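Please take a look at the structure below.

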Amino acid sequence: AKRADNGQLVWYSPSMSRASRRRLDLLHDLESAIHRGQLTIHYQPQIALDSGEIVGVEALARWPQPDGSFIPPDRFIPLAEQSGLILDLGNWLVTQVCGQLSEWRALGLGALRMAINVSMVQFNHEGLIDLLADALQRHSLSASLIEVEITESVAMARPEEVMAKIARLKALGVSVAIDDFGTGFSSLAYLQKLHADRLKIDRAFIRDMGLSENPYSIAEMVINLGHKLGIKVLAEGVESPAQATLLRSLGCDEAQGFLFAKPAPPAPLTHWFLETGL
Ligand code: C2E
Ligand code: CA
Ligand code: CA
Ligand code: CA
């Protein structure tokens, strides 16, 4: 321990420098994993609640480890975001998902919407529109197959720029979803001006449904709000039949969650699509 200028004791713990060294190692490994194409993508189906049909998938990045485990995106996405590596990751991911869409098309599978997560740095980056336009063109894919998900906090950060960027995405033909909705404080007026295509109710509000005194108020409010504004609503993290029933009765359009399907690697998912005749 050492006494700082203000007289307080400051610990220079060896574990602290180990932690930052560990972080640097992780960053270095992530960089090489991205550049060697060692990341993979799992896809989680999105279901229309009235028909039960699969209408889309969400692409979720995975970092496989030699022992067969995965480092979860909640650990490496923030790291990639802070270091700027997220742009390389995003380039790679857009190419991959377009390749996947064209493979599904070649197999005669129905047109599935592909939702991709776009972080703050990616969304604000000037190259986003060209990246999407180029990848779509290379695979002769309709832009309407792609949906960009931005979190409510990204959507709220710089209103003017966000509205302009969404307008450009929509001009390209790409749709836009507001992810983790309900956790921020978007005003009604702002939401109306955003022209988003979909609100994704954050998992926390689905988990809480049917638990407390006023059981499904937030989910219900988001569904009604979305519909008043002509925006479709998707419920995230649906795990039980009771939640699905409640959401259906509230008129929620779509759902995603372990009840229907967990995120899965492309091969078994494609197999399943072919078997069930998507
Ligand atoms: P998110 O966009 O909110 O994605 C949904 C997360 O919920 C996924 O976690 C998914 O596996 C999980 N999930 C889905 N259904 C259920 C359920 O029924 N119950 C529970 N408990 N969880 C469920 P995952 O794959 O670990 O991703 C975590 C976050 O990492 C994502 O949250 C997203 O913000 C970020 N992320 C993932 N892939 C990418 C990417 O390619 N780019 C960017 N920028 N962010 C990504
Ligand atoms: Ca998402
Ligand atoms: Ca989410
Ligand atoms: Ca989330």
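**Confidence.** This is a predicted model. The mean pLDDT of the protein is 92. Of its residues, 92% reach 70 or more. The model scores ipTM 0.97 and pTM 0.93. Where pLDDT is low, predicted coordinates should not be read in detail.

**Calcium site.** Which residues coordinate the calcium ion (ligand 2)? Glu58 (OE), Asn117 (OD1), Glu149 (OE) and Asp179 (OD) do so, at 2.1 to 2.3 Å. Along the chain, these donors follow the spacing E-x58-N-x31-E-x29-D. Glutamate 58 sits in strand S4 (residues 54-64), and asparagine 117 in strand S6 (residues 113-117). The two are 59 residues apart, so the pair links distant parts of the chain.

| Residue | Relative accessibility | Class |
|---|---|---|
| Glutamate 58 | 5% | buried |
| Asparagine 117 | 30% | partly exposed |
| Cysteine 98 | 1% | buried |
| Cysteine 252 | 5% | buried |

Glutamate 58 counts as buried because its 5% is under the 20% cut-off. Asparagine 117, at 30%, falls between 20% and 50%, so it counts as partly exposed.

**Cysteines.** How many disulfides are there? The count comes to 0, taking sulfur atoms within 2.5 Å as the rule. Cysteine 98 is buried at 1%, and cysteine 252 is buried at 5%.

Technical notes:
Residues numbered from 1 in each chain as written. Chains lettered and ligands numbered in written order. Predicted model: local features only at pLDDT ≥ 70, side-chain atom pairs only at ≥ 80, totals over all residues. Heavy atoms only, no water. Donors = N, O, S within 2.8 Å, 3.2 Å for Na, K, Ca; no water. Helix = DSSP H or I, 4+ residues; strand = E, 2+ residues; numbered from the N terminus. Buried < 20%, exposed > 50% of the residue type's maximum accessible area, 1.4 Å probe, protein only. pLDDT = per-residue confidence, 0-100.
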